[in-house]
Amino acid sequence: MNHSKYSGATDAELGFLKEIVRMLPASVTVQDAHGDLILVNDAAARHLGMDGSRPTPDLTQRREACQQAMQAGQPVVAEESVHDGTARQVLLTTHRPVRLEGRDLLISASSDITEQKNFEDQLFRSAYFDELTGLPSRRVIEHCVKGILARDRSDERFALAFLDIDNFKHINDYYGHSVGDALLVELSKRLGRDLRETDMLSRISGDEFLLLLSPIKSEEEVAEFIQATLKRLTAPFFIDSSEIFASTSVGVSLYPDHGRSFEVLRQNADIAMYRSKNNGKGSAAFFDSGMEREALARMKIEQSLRLAILEKRFCCAFQSKVDIRTQAVKGIEALVRLRDDEGVIQAPGSFINLAVELGLIDELTHLVLAEIVRSIDLINDTFGAEASISINVAAKQAGNAEFMRSFAKALEETGFPNRFMIEVTEDAFVATNHFQSEILPMFRKLGVGISIDDFGIGFSSLSALADITADEIKIDRSFITDIHKRPRSQGILRAIESLSEALGMTVIAEGLESYEELAYLQAATKIRYAQGYYFARPIFLEELKLATPAVSEARVSIASRPAQQNRQGYSRAGGYRR
């Protein structure tokens, strides 16, 4: 270590001072007016590569900061990065000019802030970049778009695309979340291919992405690029020995045609994306004003739905499951209906999917159960005390252990849980959410039956059916409609019937609406039970309380009807408005 001797200090004192400075954990250097180092302690020697422990770093930035401090006569604080291969060390250095004994000197002291900088970098990446895919976050792409908008150039055009992976929840449930995460990584790589430096792909939520294409010349140019991207996604993904097919629905908005702010452009791209999903998924749609009207209508339904729950404007109807050979009522299915502001009863297609999407379906299911418990005497008088009572549970609910535990407890508290049958779609069984191994036993213990609803239109197959432990299987009405005229449906029906019989499941034909369909089932199958408008439309609780003609009709044995009346049945298309 270099030093100068000052008058008044003994050699021992100077030696003691030299050792203290040498051993300081902070690096300390002293330079003269010419930039020559006259003092370097051990820490500084290591940082500057002067002890031979590492290659000498590039000190250009440090020299410039030193010159600036000397010329200005003011302290300069600077961050210095020292790299050793892949390792990085960050120093916070203060260069302070001083005058001692008539000499102009520069004292530089550095502290190691590597750990702090690594933590700051981690915070920055977590705030601005997606941890899984490494893509920019929503705030980054929003900042970028707002920067383009701030330039306010009339000739500048760009596109904002909203991308959503189709059926990603099913993929997650079936293959597991680790495979789902790996799929997101691989899919993001394909989506980001062929992007220019001025373009940006961002992951904004679990299975949603935003794509900025800037600049653009025309809508046709954007459409061509999006179609090429979608085509690239049609190839399978090979993850953990699984061959996975994934598609993406895309909605596109253009600046300035479809908005002049980030939020409006993003919202309109989102609206267009929903249109592409409704058109069959795996496709793209550009925003137009008609979509905005549809979105407003959907928002109105959403607000009405939330208000209806608060005002308890939901009601229950019951439809019989009938023995087609003895005409006895085997059970009933509880159906939830919404009464709108004008008192008109709305079919479930207008609100059930939205209720699931908004997380309101759990409350609706509990409301249905509460209505059944309050009206159990009327139900028994109408349909018989032995008739089972089916309640629909959405696949999303079936995979939610917390909800299913609360629902099982509510069924137990009714005092007659063995009267109930839970109807779930086949998706709940084939997903890897442990419905059969963990959730199903809770209901088995209570004596609650399990029914597979809408079988034949989901993701499973006859081979998957062999692994399902259910009491009842309801064949979707798409197979039953005009069954007497459709040989292919007849063959599928026989296969389902045969396998269900071997597994000990009761088969119910859904959507029976004509005498010809009934006659075929009676003559050509072993199916015993059916449900549909041929027998009776759903009967509302209000009708049970008022003992209307419809209730009287439900109490009369079907066998006593004249054949012509049976042939006519009820019309599903007629609906029920009051």
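Ala269 is buried, with a relative accessible area of 0%, where buried means under 20% relative accessible area, computed with a 1.4 Å probe and protein chains only. Ala269 has its place in helix α9, residues 262-278; helices here are DSSP runs of H or I with at least four residues, strands are runs of E with at least two, and both are numbered from the N terminus. This is a predicted model, in which local features need pLDDT of at least 70 and side-chain atom pairs count only at pLDDT 80 or more, while totals for chains, interfaces and linings use all residues. Residues are numbered from 1 along each chain as its sequence is written, and side-chain values use heavy atoms, with hydrogens and water left out.

Leaving out residues up to four places away in sequence, Ala269 touches Leu160, Phe162, Gly251, Val252 and Ser253, a contact being heavy atoms within 4.5 Å. Leu254 is 15 residues from Ala269 in sequence, and their C-alpha atoms are 8.6 Å apart in space.

Helix α6 (residues 168-175) has Phe168, Ile171, Asn172 and Asp173 buried. The buried residues of α6 pack against β6, α7 (177-191) and β10 (242-244), and the helix is followed by Gly176, whose phi is positive, near 100°.

In soluble globular proteins, nonpolar side chains tend to be buried together. The largest nonpolar core in this model has 74 residues, and those with the most contacts inside it are Phe314, Phe318, Ile372, Phe407, Phe420, Ile422 and Phe443; such a core is a set of buried Ala, Val, Leu, Ile, Met, Phe, Trp, Tyr and Cys residues joined through side-chain atoms within 4.5 Å. Helix α15 (residues 401-413) gives the most to this core, with six residues. Neighbours within four places in sequence aside, Ile422 is in contact with residues including Ile391, Val393, Phe407, Leu411 and Phe443. A second, separate core of 30 residues includes Val179, Leu187, Ile239 and Val252.

For the chain as a whole, there are 24 helices and 22 strands, and buried residues make up 46% of the 578 residues. Among contacts between residues at least 6 apart in sequence, 62% join residues at least 24 apart. The count of disulfides is zero, a disulfide being a pair of cysteine sulfur atoms within 2.5 Å. Cys315 is in no disulfide, and the nearest cysteine sulfur, that of Cys316, is 7.2 Å away; Cys315 is buried, with a relative accessible area of 6%.

Key
Buried < 20%, exposed > 50% of the residue type's maximum accessible area, 1.4 Å probe, protein only.
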